[in-house]
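Visitor: I would like to learn how to read the features of a model. Please take me through one.

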Amino acid sequence: MRWMGNRESNNVEDRRGGGSGLIAGGGIGTIIIGLLYILLGGDPAVVVNQVIQQTPQVSTKTTSAEEEKLASFTKVVLAYTEDVWDSIYNERGEIYEAPKLVLFTQQTQSGCGFASDASGPFYCPADKKVYIDLSFFKELSERFNAPGEFAMAYVIAHEVGHHIQQLNGTAAAVQQMKSKLSEKEYNQLSVKLELQADFLAGVWAHHANRLRNILEQGDIEAALNAANAIGDDRLQQQQQGYIVPDAFTHGTSKQRMYWFKKGFETGDPFKGNTFAQNQAE
Ligand SMILES: [Zn+2]
């Protein structure tokens, strides 16, 4: 993937290396926010940590040259998402309100509660920020066996996809259905929201390449490999040794790859109706 020397986004809040952003909170409010966060597709471990962890630990980790490169990479990819979504919104005569991206080390406070590196990257609708601990990229490459810069870019673009869903009201519409549906039905709806974020990441890749010529040989395969590796069926198999379909929140590996590819091939943000029946079953 071509990125070095390109514009880095200014919408990055760098909280690495310190405990900054940690506000002693807790209590029932935090738990409610935490639950909301889980329902929006977050990792329960985040909330568990929030409740258990009373004493903020100040990280003493120093940043290496390798990590600086990753930070720079993340800023360039975020800038690419701004270029693409700016242009798509402009074409419709609208203005794109870009999200902020928070880089943190180990733990930080988000508008959706406490975040730890265990949660993986996520988007918080309450403060419209994407949260990433850069160590996730190492995990992606080593634990999930999905190496490559474009695999990392796909993950960032997926989170920005959730921001698009927040801007256009899709996320709110899904959230509103929560009280009307059973847990199982709502979970299925959450999966569709996740798959649409994958689709939007594909749309982004299409236009980023059109505008900035970023793709090199093997890049799309790297993204598809990542989508395959972090599908819920694979994750569950790895963690528990068996699959529980009702607990899926991100979609199967096959579904994730299908939707990313569809977004990439069409480049059309309106072709991503993952909510229609029988899509990539
Ligand atoms: Zn997601």
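Guide: We go from the whole chain to single sites.

Guide: This is a predicted model, in which local features need pLDDT of at least 70, side-chain atom pairs count only at pLDDT 80 or more, and totals for chains, interfaces and linings use all residues. Residues are numbered from 1 along each chain as its sequence is written, and side-chain values use heavy atoms, with hydrogens and water left out.

Visitor: How many helices and strands does the chain have?

Guide: Helices (H or I, at least four residues) and strands (E, at least two) are DSSP runs, numbered from the N terminus. The chain has ten helices and six strands.

Visitor: What share of the residues counts as buried?

Guide: Buried means under 20% relative accessible area, exposed over 50%, and partly exposed in between, with a 1.4 Å probe and protein chains only. Of the 281 residues, 51% are buried. Contact means heavy atoms within 4.5 Å. Among contacts with a separation of 6 or more, 75% come from residues 24 or more positions apart.

Visitor: Which cysteines does a disulfide join?

Guide: A disulfide is a covalent bond between the sulfur atoms of two cysteines. Here the test is a pair of cysteine sulfur atoms within 2.5 Å. Searching the whole structure gives one disulfide. Cysteine 112 is joined to cysteine 124, S to S 2.1 Å. Cysteine 112 sits in the loop between strand S3 (107-110) and strand S4 (113-116), and cysteine 124 in strand S5 (residues 122-124), so the pair ties together parts twelve residues apart in sequence. The S-S torsion of cysteine 112 and cysteine 124 is about 90°, so this disulfide is right-handed. Cysteine 112 and cysteine 124 are buried.

Visitor: In what sense do S3 and S4 pair?

Guide: Two strands pair if DSSP finds at least two bridges between them. S3 and S4 pair in the antiparallel sense, over four bridges. They form a hairpin with two residues between them. Serine 110 is opposite glycine 113 in S4.

Visitor: Which residues of S3 lie on each side?

Guide: In a regular strand the side chains alternate between the two faces of the sheet. In S3, Gln107 and Gln109 are on one side, Thr108 and Ser110 on the other, and all are buried.

Visitor: Which strands pair with S6?

Guide: Strand S2 (residues 100-104) pairs with S6 in the parallel sense over five bridges. Lysine 129 in S6 is the bridge partner of lysine 100. S5 and S6 run antiparallel, joined by three bridges. Phenylalanine 122 stands opposite tyrosine 131 in S6. S5 and S6 form a hairpin with four residues between them, and lysine 128 in the turn has a positive phi of about 55°. Five of the five residues of S6 are buried. Lys129, Tyr131 and Asp133 lie on one side of S6, with Val130 and Ile132 on the other.

Visitor: Which residues of helix H4 are buried, and which are exposed?

Guide: An α-helix has 3.6 residues a turn, so residues three or four places apart point the same way. In helix H4 (residues 135-142), Phe136, Phe137 and Leu140 are buried. Down the axis of H4 these buried residues fall within an arc of 100°, so they line one face of the helix. That arc is taken from the directions from the helix axis to the C-beta atoms. Lys138 and Glu142 are exposed on the face turned away from the buried side. The buried residues of H4 pack against helix H3 (65-91), strand S6 (129-133) and helix H5 (149-167).

Visitor: Where is threonine 74, and what is it in contact with?

Guide: Threonine 74 lies in helix H3. It is buried, with a relative accessible area of 0%. Leaving aside neighbours within four places in sequence, threonine 74 is in contact with Leu101, Leu103, Leu134, Phe137 and Ile156.

Visitor: Which residues coordinate the zinc ion?

Guide: Donors are N, O and S atoms within 2.8 Å of the metal (3.2 Å for Na, K and Ca); water is not among the atoms, so sites may look incomplete. His158 (NE2), His162 (NE2) and Glu194 (OE) coordinate the zinc ion at 2.0 to 2.1 Å. Their spacing along the chain is H-x3-H-x31-E. Histidine 158 in helix H5 and glutamate 194 in helix H7 (residues 183-212) link distant parts of the chain, 36 residues apart. Histidine 158 and glutamate 194 are both buried.
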